[in-house]
Structures are given as structure tokens and as C-alpha cells.
Amino acid sequence: MAGRRVIGVREPGEATELRAALLRLRRTSGLPVVFGGLLSDARHARIAELSGAQTPALRGLVISAGSGLGGKAIALSRPCAVTDYPSARHISHEYDMAVAAEGLRSVLAVPVVVRREVRGVVYGALREPLTLGDRTFDAAASAARDVEQALAVRDEVRRLLAATREQLTEPDAGPGTWEDVREAHRELRALAPRIVDPALRGELLAVCGRLASAAGGDRHRVSGRVRLAPREVDVIACVASGATNAAAAGRLGLRPETVKSYLRSAMRKLGAHTRLEAVVAARRAGLLP
């Protein structure tokens, strides 16, 4: 039995992130074949990304929780491996035809787990029945973590985008609401550089732009006269929250010296002499909410 095949609906960015993690896994581990897929529901993952495959046998294969090696990893929420797939006794063999067509023998599967929920599975394989070492397991676990982090960031961005859209539609925003808007703006700006998917990143930055201009036209904005680099805006947004250079560096994944350099450049462009003046000027320029 080769397994069911369906067309799973996944966001393009998720496929990009999974593909990148698999390519890193193949490069760092030396495994000749790597592949994986994300879950379309609580119990099924579709193999959508492959590197090193010689046949189309695995592509589109739907892995059910508990079935085969990957299904076992999904069900147990932990890595699983076999030295010789065809003769392995501790897995079921629904997918033997596809595995045999690709000539795989030694295989490992690592689940992608985000907030205790299995979201996908990453595989690595040899065409020989050899024991996989710790270095290979570590590389596969690292690839799964890369996907986990990317999905966690994507989830957080989606949550923040939904919340900020709701805030933007409120007709009368009080002081508390504007503090929420400013915090959402800071969080979204900090997440933007970590988004691989250009469409999602563009959507995020567009919402940031709406947040920055959402206070109305009574603030005499002069955005046409001031142009800050994206990272300069990020730093000013952190400064607006009261963050020190060190704290801003931690939020943005930068060195404190780099934050200081961006802040100095932004202050010069804004004509500000203090951090407070820079924040006020950035808000007047429509760069911050």
C-alpha cells in the first residue's frame, strides 16, 4: 500500500521555510536524501518537499499518525529511526512501496513541534542499512527546530496582525488602546526581519505603516521630509517603549553598538538631540504611532 495522496493547502512561505531547513539538513549531515511535510490536520502530513530524491515515489505521500516511521514520530511527538526500513519490526509498513521505489534503508524522522503541537515531520535517509550517528540526529533535530521557530514566528505575526486590524477599526481609540497599538507596532517591526515569506513580510510592514499613521491628521506629519532606514525605525520604536540600547539589541537581534549607531543616524535625520526628541519627531513624521 503506497498511502493516500491529496493536495494539501499550505501557505507558500511555510513551504519555503521547510525547504530551506531541509537543504541545510542535507548539507550539514551529508544525508543523500531528505524530505518532509507539514500537517494538514491533527493526524496527517503530506510529503511536499524533497531533496536528493531520484524518483517521485515519495512526493505527495500522506503520512497518517501512527503509520510508518514518520507517523510513529508524529504520534509519539519524538524522533524515531530504523536501521533497515524494509525489515523494521517496530513500525507499520503502509508505505513500503514508496520507500522501496526510492531505495531507502536507514531512515530517521523528527517531528516539528510548536507549543506542544506536532505541525510537521522532517526525514533523513540513507540507501544503505547503516546506523545513524549522533551527529546526524543532531542535524535533523536542528532542522526541525528551524522549522518550529519559523512557524512560531508566523503564528505570532498572524495573531498580531489580526489584533492590530481590530484595533485599527475601532472608531474611538482611547489612551489605553493607543498604547496597545504602539506595542503591537513595536512587536511587528521586531518580527519583520525574521519573516522569510516576502508576501507576509510585505503585509506586516503595510500594517505597520497603517499603525504609524492611524493617529489622525492633527499631528502635522511631515513624513515626506524624513526617510529612516527600516532598522532605524525599529530602534526608535524600541526607544519609544523606554528600552535601553542593550534591551533594544536583545529584542532586535542586534549588537548594542549597532543599535547605538542606528539611533545616532536616526536622531541626525530627525534633527533630534535626545532620545525623547527623536521619538516625538518620529511620531510627528508619521513613522511611529
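I take a residue as exposed when its relative accessible area is over 50%, and as buried when it is under 20%. The model I am reading is a predicted one.

**Entry 1: the loop between S6 and S7**

I looked up arginine 116 and found a relative accessibility of 84%, so this residue counts as exposed. Arginine 116 sits in the loop that joins S6 and S7. I then checked its backbone and noted a phi near 70 degrees, which is positive although the residue is not glycine. Most residues other than glycine have a negative phi.

I went on to arginine 115, which is in the loop between strand S6 (106-114) and S7. Its phi is near 50 degrees, again a positive value in a residue other than glycine. Arginine 115 has 58% relative accessibility, so I put it down as exposed.

**Entry 2: aromatic rings**

How many aromatic pairs does the count come to? I found one aromatic pair. Its members are phenylalanine 35 and tyrosine 123, with ring centres 4.4 Å apart and planes at 15 degrees; planes under 30 degrees apart count as stacked, so I logged the pair as stacked. Phenylalanine 35 belongs to strand S1 (residues 33-38) and tyrosine 123 to strand S7 (residues 117-126), so the pair ties together parts that are 88 residues apart in sequence.

Are the two residues buried or exposed? Phenylalanine 35 has a relative accessible area of 4%, so I list it as buried. Tyrosine 123, at 5%, is buried as well.

**Entry 3: cysteines**

I searched for disulfides, with sulfur atoms within 2.5 Å as the criterion. The count is zero. I also looked up the accessibility of two cysteines. Cysteine 80 is buried at a relative accessible area of 7%. Cysteine 238 has 3% relative accessibility and also counts as buried.

**Entry 4: helix H6**

I checked the length of H6, which has 15 residues (198-212). At 1.5 Å a residue the helix should span 21 Å, and I found its end C-alpha atoms 21 Å apart, so the two values agree.

Which residues of H6 are buried? I noted Leu200, Leu204, Val207, Cys208, Leu211 and Ala212. They cover an arc of only 140 degrees around the axis, so I place them on the same side of H6. Pro198 and Ala199 are exposed, and I found them on the other side of the helix.

Conventions:
Residues are numbered from 1 along each chain as its sequence is written. This is a predicted model: local features need pLDDT of at least 70, side-chain atom pairs count only at pLDDT 80 or more; totals for chains, interfaces and linings use all residues. Side-chain values use heavy atoms; hydrogens and water are left out. Helices (H or I, at least four residues) and strands (E, at least two) are DSSP runs, numbered from the N terminus. The expected span of a helix is 1.5 Å times one less than its number of residues. Buried means under 20% relative accessible area, exposed over 50%, partly exposed in between (1.4 Å probe, protein chains only). The arc is that of the directions from the helix axis to the C-beta atoms. Rings of Phe, Tyr and Trp (its six-membered ring) pair if their centres lie within 6.5 Å; planes under 30 degrees apart count as stacked, over 60 as edge-to-face and the rest as tilted.
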